[in-house]
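Subject: Structure handover

Hello,

Please find the structure below, followed by notes on what was found in it.

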Amino acid sequence: MSTANFNIMGAAGQGAITGKKGNVDETISGFRGLFDEKKGGLEQRKTNYMPMVNNFYDMVTDIYEYGWGQSFHFAPRNKSETFETSVFRHEVYLAHKMEMKRGTKYIDIGCGVGAPGRAMARVSEAHVVGINNNEYQIEKCRKYVKSYGPADLCSYVQSDFMNLSKVLQPESLDGAFHVEAMCHAPDKVAAFKEVFKVLKPGALFGGYDWVVTHLFDPNNEVHQKIKKGIELGNSLPELPLFSFVIEALKTAGFEVIEHRDLAADFSEQTDIPWYDSLDARYTDLKNFPHTTIGMWVSHQLIRTMETLRLAPKGTTSVHDLLVTTAKDLVAGGKTGTFTPMYFFLARKPLNNKK
């Protein structure tokens with residue numbers, strides 16, 4: 001997901017944008033190259049998904065934290081809620097649907113810096129094992145759970161979620177979930193099959209997926225531009241149609257219990273759009289940075305900081321990447337062609353024969 005460019009300035013000023021690896025300029029140059037259709041395009045991204053995603057999160061993890069918080073996801077929001085409350089409710093809803101409870105063990109696939117898993121463990125008293133292939137984020141997970149808890153309910157394993165069965169025992173877990181993470185998988189069926197292997201028969205698997213909706217028209221140039229912009233700005237191999245995710249679950253062996261786009265429940269009378277924090281508005285201070293003037297000002301300031309070596313070389317490019325993808329996310333939300341919260345709940349059959 002993307003964050004506000006106003007806060008990218010703050011992160012750059014604090015040196016946060018260096019992330020795990022300081023050579024930002026070289027990293028973002030190589031990252032952009034993976035989205036060059038003349039150099040392989042989609043197949044190149046699928047083949048190189050691990051370094052692509054790792055490099056992306058090395059660059060943006062601290063920026064996300066500074067500008068968005070430790071839960072790297074969107075959420076439906078009622079007008080009575082603060083942004084933080086809506087994020088927490090989104091996590092608790094998933095814990096409820098997953099039937100998490102004391103004495104059970106779940107995996108949080110692609111756990112980020114651990115905030116959703118910690119919240120879900122705290123409210124359910126289930127044990128949550130965070131899975132993440134990014135070393136920098138795993139370090140943060142362990143640091144935060146030690147500082148904020150619940151240390152007795154959360155643990156972490158550094159692993160690629162395409163190879164879960166290599167680090168986890170077969171049929172050993174009571175459930176699995178992901179929060180906007182498996183959109184990075186280069187092969188949905190293969191990823192879901194790995195989850196299937198480590199779950200006990202009857203266990204639940206649920207999550208929130210990034211997908212294009214039934215309103216997406218592959219022959220519409222505007223829709224394609226939005227889709228490609230979201231893929232580039234969020235390090236995704238390819239955004240699938242929502243139905244592809246559901247079919248991939250079934251192919252992997254799961255029984256799909258329910259699925260729907262939570263963003264489609266939006267009511268203008270009672271709710272705030274999920275993309276509101278990224279939308280450009282001159283009348284709202286927190287949204288001003290996304291206006292044309294706001295983006296120009298932040299670009300100039302960050303470029304100046306980079307010139308004065310107050311921010312590492314390449315910081316301006318990272319800023320511009322995230323600003324652009326914020327526009328694409330908003331456009332995807334306004335056209336209804338994209339959702340970051342396609343909810344699914346599936347079960348591994350009790351009489352598993354896979």
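Histidine 319 sits in helix H12; helices (H or I, at least four residues) and strands (E, at least two) are DSSP runs, numbered from the N terminus. This is a predicted model, in which local features need pLDDT of at least 70 and side-chain atom pairs count only at pLDDT 80 or more, while totals for chains, interfaces and linings use all residues. Residues are numbered from 1 along each chain as its sequence is written, and side-chain values use heavy atoms, with hydrogens and water left out.

Is histidine 319 buried or exposed? Histidine 319 counts as buried because its relative accessibility is 1%; buried means under 20% relative accessible area, exposed over 50%, and partly exposed in between (1.4 Å probe, protein chains only).

Helix H12 itself covers residues 315-335. At 1.5 Å a residue its 21 residues should span 30 Å, and the end C-alpha atoms are 30 Å apart, so the two agree. The expected span is 1.5 Å times one less than the number of residues. After H12 comes glycine 336, with a positive phi near 75°.

Next, helix H8. Of the 11 residues in H8 (residues 188-198), eight are buried, so the helix is largely enclosed by the rest of the structure. Among the buried ones are Phe192, Glu194 and Phe196. The buried residues of H8 pack against strands E2 (105-109), E5 (173-179) and E6 (199-212), and against helix H10 (242-252). Aspartate 187 caps the N-terminal end of H8, with a side-chain oxygen 3.2 Å from the backbone nitrogen of valine 189.

On to the cores. A nonpolar core is a set of buried Ala, Val, Leu, Ile, Met, Phe, Trp, Tyr and Cys residues joined through side-chain atoms within 4.5 Å. The largest one has 45 residues, and Met100, Phe177 and Trp210 have the most contacts inside it. Another core, of 31 residues, lies apart from it and includes Met162, Leu168, Val245 and Phe254.

Last, the chain as a whole. There are 12 helices and nine strands. Buried residues make up 57% of the 354 residues. Of the contacts (heavy atoms within 4.5 Å) with a separation of 6 or more, 77% are between residues 24 or more positions apart.

Regards

Terms used:
Polar contact = N/O pair within 3.5 Å; in protein donor to acceptor, adjacent residues only side chain to side chain.
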